[in-house]
Amino acid sequence: MYFFSAMAEHTPPPLDSSPLLGTDMPLLPVPLVGGDGTQQVILVQVNPGEALTIRREDGQIQCIAGPAQVPMMSPNGSVPPIFVPPGYFQQVIEDNGVRRVLVIPQAPEFHPSNHPSVHPTLPGFIPLPSMLPAPHQRPVYSPVTGATDLASQYIPQYHVPYTYGDQESHSPHARSGFAHRDERTSKTYERLQKKLKDRQVGPKDKMNSPPPSPHKSTSLSDMQNELEKSQNSVGLTTGQVKPKQVGKVKGSPRIDAETQEKNEETKALQALLSSVNKPVVSDIQARSVLLTWSPPSSEINGNSDISKPPKSYCYEVLLSSSGKDGRFKTVYSGEETSVTVNDLRPATDYHLKFVAEYNSLQGTPSEAVSFTTASCEPDSPFPPKLLNRTKNTITLQWKPPCDNGSKIHSYLLEWDEGKGNGEFCQCFCGSQKQYKVTKLAPATEYTFRLAAKNDMGLSGFSEEVLYCTSGSAPSTPASPELIKAGVTWLSLQWSKPSGTPSDEGVSYVLEMEDEISGYGFKPKYDGDDLTSTVKNLRRSTKYKFRVIAYNSEGKSNPSDAVEFSTSPDKPGPPCKPVVKGKVHAQNFKITWDPPKDNGGTAVSKYVVEMAYGSNGNKWDMVYSGIVREHTCDHLQPGCSYRIRVYCISDGGQSPASDVLLVQTPFVPPGPCLPPRTVGKARARDVQLRWAYPQVDGGSDITCFSLEMSPAELDEPREVHFGSELDCTISGLLPGKTYWFILRAANKAGYGPYSEKCEITTAPGPPDQCKPPIVVCRSATCTIANWEMPYGNGAEVTEYRLEWGRVEGCMQICYCGPGFSYEVKGLLPATTYFCRVQAVNIAGAGPFSDAVMCTTPASVPAAVSCLRPADKDKLDSLDYCPSTCLAIQWDKPDHHGSEIIGYSIDYGDKQLITVERIKWYIIRNLQPDTTFRIRVQALNSIGAGPFSHTLKMKTKPLPPDPPRLECTVFSHQTLKLKWGEGAAKTVASDTIQYHLQMEHTNGRFVPLYRGPSHTYKVQRLSESTSYRFRIQACNEAGEGPFSDVYIFTTLRSPPTPLKVPVIKRLDDHACEITWESLQPMKGDPIIYSVQAMTGKDLEFKQVYKGPSSSFRMSGLQLNCEHRFRVCAIRLCQDSGGPQELIGPYSATVTFFSQRTEPPASINKETAEATRSQRTLSDEQCAAVILVLFAVFSILIAFIIQYFVIK
């Protein structure tokens, strides 16, 4: 990539006096850097106040004013010259292989001019139109990617615009700007001059330096920022601005400060990326190694200029196997700080280093770390090669493989012993590199493989190789046989010589003799196959063949020669057929000439094919024979036919000749089929339809003529003319017969008439009937009568009577030939509508006018939905399910007379009559008895039918309360029991029990309701009396409550104490301390201490009293003592004090022995005592429960895994 930057602090002198392309102007060739030599992209920087003139592809001249950045492309790869205007000089800056050209004024004193500086046209370079900037804009360009590794570099968007002051009030020769340069600008200028001097070092020093990396921290943006700062410094040196006008600078100091700050941030980031330690190598294997490193840190070089250090970095690991100064290649790129490098060579020296990168900015590589991979077994050797063979021996030779750091001391040669089953056994093991296998069978194949071995192990086996021992020369084979003969080829086959083993490798040579050439037998095939195809022969020619067999031992004698002939070739196409004579409407005659090339044999027959239509692709054979003339008949008039001819000989079928197109003349169409009716004939009109004639005469049908006449007359007249295929004939009479004839016409004229078609019109539907006469015979039956209407030429076949309660929604209730109908199943006191319609073969006539009739009133309908009454209606009434039954029903239809009451029948001889209600309670019934109940409605006319029967049963009487007793007493619970169990209960009853307890306010509250006979009352107070009562319930209801029972809870024993604490006093005494309990409801608490010494089996009481400690003396030395404590409640009863003993605490063990010093002994003894405490009963139970749960889970897992799966 090229980057050219033309820079100037002031307006250059006018260029009008010198031509743009003058030869007296100095040229600056720019060297090629980082390009591929065929296509270069150049960026030309045009500064403010300057202009660039270029020539576009269309030949026009375009002038681009600054500030702008113009990309240009060199199509031929040449380097463009830079034209330096008079009054300027060039200075080259090189950074990382990229050269930049600075064009600056040659002298500080020059005369200002009103003309802008112009860059001369760059010949031979094509500007990129899509990338040309618009006037007064600062374009932004994407980086250009070339063939080099400059992808991480980027091109800045634009240079910082130059600063111009007012030039009207200062002298053009003034140099006061130099005196006002600040300290920071001076340092920047000195640093740039030093870098320029370092860059101009000779090529000798440049060769000693390492090659520049495309990912160096000094990117194009950094170099351009330095150039911008150097331009600002030069501008301050050679400027024309007065000291008092420095404040008029437009924005340049701010932009310079931002650019310098960004440059310093970039340098600080590069310094941070370069501050990396040497990587660490571990886990060195034969073909892999683990490399770890630390991220860049500012603590290494003390760099702290970065405000926000990056959180993550990218790393590249570089590997070299040719020394630290050799060529490194990238083996890893990512964000991890450790990587396993694979695919290494064993026993090889390697060097590794890494580079840190952030946002396409890389630091300097770390110090390389060196290591040597471990040795391993050798590589797999190449297959052994055949050195010599005989009938009974095979001599093999091989080359040693790579030993991978350990010397090879032996080789292992295996073979399959000629079995060919893929099983190998050892044939040779030693340090030699060749071996002779003896005692082999002649002409037998053997498979060998080889492996090498060193101190590290055995290598993999080589590829399997197959070698065969020598044999004898084959015998004379049989003569070859012909498989198939072609025009230019012959396919032959032969068999193996007699006596040749099936697994012996035999090759064959097929020789051919061409008598015309006179060269004798020449080989045409040499190989292992038993077939061969000899090509490039002449057609219909005889050749002689013989075959020779050979193997590694020699050749056989040639077989007997046989003679075969190639097939003749197919003949050429015959000449195009021509018409002989006149073309008729149904036939014509054709003739043709023989083909020019008969293919080497005579033509046996000719075949004529004909296709219908000018574009038809279906060819039909119409003639086959040796005569070259044929009459094509049975043709259709006015049609096109295509004719072609091909011939057949012994060589095959020839291509078809050119196609002959023949057109037959037109004739009038043939007769049409008689017209047919569409659907049924109507009374006043008929619709006819017909089809095209089967023979159109070779021309399209243009029109049809339809003629009609009554059947009794023979006077046809035309009733339709046109091209349609159907028509409707109107104005006909019903029930009359007519005949029709049809004919078609084309370009040649009318064709013959069709046959006659006789059609009879249909009769019409009958007239409207008169309204029917309706007579009511009862409340549910009526009779309708009607008269016959006029039939309109056809007899009435049936009548349709419609009946309904709504005039607009009636249904057919009768369909038949009668003149009356009795309608049954009607509702009393209901209005109905009816109408009648007549029907004949022509259809149905219109309906008559509707007639209205009303049926008389009747007894009520049957009561529906008789059911037991709802329970919500019985809650507020004195209802006993044992002696009462409640029923309810829905009101039936009154049938024209209001209902005045209901009669209830429940099995008694006398009915119960009630008023107009819809529910009733039947009382004074027998308990546990079944009744059949039915209801009927009553009105002024009479009683309606009974409803359906409802079966109901009274419930038995409620049960008596059971006897309540308390079976278990405790200080907080009472277990109550009642009844004698479920064995003595009635099987048909489900008895529920309702247990209640008296509250402190005197009311009984429910405790339990259910079928159980026991209940445990919990959360009670100790030594308190409670009052209970119970009630039994069943389907009959709730029975009476029992008498009140009083039960009293017991006193609560003291709570268990914690494990007592033992304190050693001396060798024969100790002090036992335990926690104290508060008095329980005024009852005092005393304590009992029990002890067990040595191997005693029972505890003995050693103390009983109110104190919370006890001093035990007289202990035996070197003996184990166990102690436990319990609390005792002294209850004050009327009969005297009573002791209530609580549970004992856990056992604590004390071991008495003589130790020195006593102070430490007591402490250690107390700790040992605590550690030797035995488990309590609750703890033992918990441990057993946990072990049982673990065992159950294990058994379930075994069943799931081994049985179910």
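Visitor: In which loop does Asn-924 lie?

Guide: Asn-924 lies in the loop between strand 64 and strand 65 (930–939). Helices (H or I, at least four residues) and strands (E, at least two) are DSSP runs, numbered from the N terminus. A word on the source: this is a predicted model, in which local features need pLDDT of at least 70, side-chain atom pairs count only at pLDDT 80 or more, and totals for chains, interfaces and linings use all residues. Residues are numbered from 1 along each chain as its sequence is written, and side-chain values use heavy atoms, with hydrogens and water left out.

Visitor: Is Asn-924 buried or exposed?

Guide: Start with the cut-offs. Buried means under 20% relative accessible area, exposed means over 50%, and partly exposed is in between (1.4 Å probe, protein chains only). Asn-924 has 78% relative accessibility, so Asn-924 counts as exposed.

Visitor: What is the phi of Asn-924?

Guide: First, the general idea. Most residues other than glycine have a negative phi. Now the case here. Asn-924 has a positive phi of about 55°, although it is not a glycine. Ser-1023 also has a positive phi, near 50°, and is a residue other than glycine. Ser-1023 sits in the loop between strand 71 (1014–1017) and strand 72 (1025–1034). Its relative accessibility is 39%, so Ser-1023 counts as partly exposed.

Visitor: How many helices and strands does the protein chain have?

Guide: The protein chain has seven helices and 82 strands. Of its 1205 residues, 41% are buried. The accessible surface comes to about 67000 Å², and 51% of that belongs to carbon and sulfur atoms. Accessible areas come from the Shrake-Rupley method with a 1.4 Å probe; for residues, only the protein chains shown count as cover.

Visitor: How do I read contacts?

Guide: Contact means heavy atoms within 4.5 Å. Take contacts in the protein chain between residues at least 6 apart in sequence: 66% of them join residues at least 24 apart.

Visitor: Which residues is Thr-541 in contact with, leaving aside its neighbours within four places in sequence?

Guide: With those neighbours left aside, Thr-541 is in contact with Ile-516, Phe-564, Ser-565 and Thr-566. Look at Ser-565. It is 24 residues from Thr-541 along the chain, and their C-alpha atoms are separated by 5.2 Å. Thr-541 is in the loop between strand 32 (531–534) and strand 33 (542–551). At 12% relative accessibility, Thr-541 counts as buried.

Visitor: Where is Val-506 found?

Guide: Val-506 is in the loop between strand 29 (490–493) and strand 30 (507–513). Val-506 counts as buried, at 6% relative accessibility. Leaving aside neighbours within four places in sequence, the contacts of Val-506 include Pro-474, Ala-549 and Tyr-550.

Visitor: How do I read a salt bridge, and how many are there by this rule?

Guide: A salt bridge is a side-chain nitrogen of Lys or Arg within 4 Å of a carboxyl oxygen of Asp or Glu. By this rule the count is 29. One of them joins the side chains of Glu-609 and Arg-644 (2.8 Å, N to O). This pair links distant parts of the chain: Glu-609 is in strand 38 (residues 603–612) and Arg-644 is in strand 41 (residues 640–649), 35 residues apart. Glu-609 is buried, at 12% relative accessible area. Arg-644 is partly exposed, at 22%.

Visitor: Which residue forms a salt bridge with Arg-1129?

Guide: Glu-1022 does, and the closest N and O atoms are 2.8 Å apart. Arg-1129 lies in strand 80 (residues 1119–1133) and Glu-1022 in the loop between strand 71 and strand 72, so the pair ties together parts that are 107 residues apart in sequence. Both Arg-1129 and Glu-1022 are buried. Salt bridges that share partners join Glu-1022, Lys-1081, Asp-1083 and Arg-1129 into one network.

Visitor: Which residues gather in a patch of positive charge on the surface?

Guide: Patches are made of residues with over 30% relative accessible area and no salt bridge: like charges are joined within 9 Å, nonpolar side chains (Val, Leu, Ile, Met, Phe, Trp, Tyr) within 5 Å. Lys and Arg count as positive and Asp and Glu as negative; His and the chain ends are not counted. The place of a charge is taken as NZ of Lys, CZ of Arg, CG of Asp or CD of Glu. Here Lys-873, Lys-891, Arg-916 and Lys-918 gather in such a patch. Arg-916 is exposed, at 56% relative accessible area.
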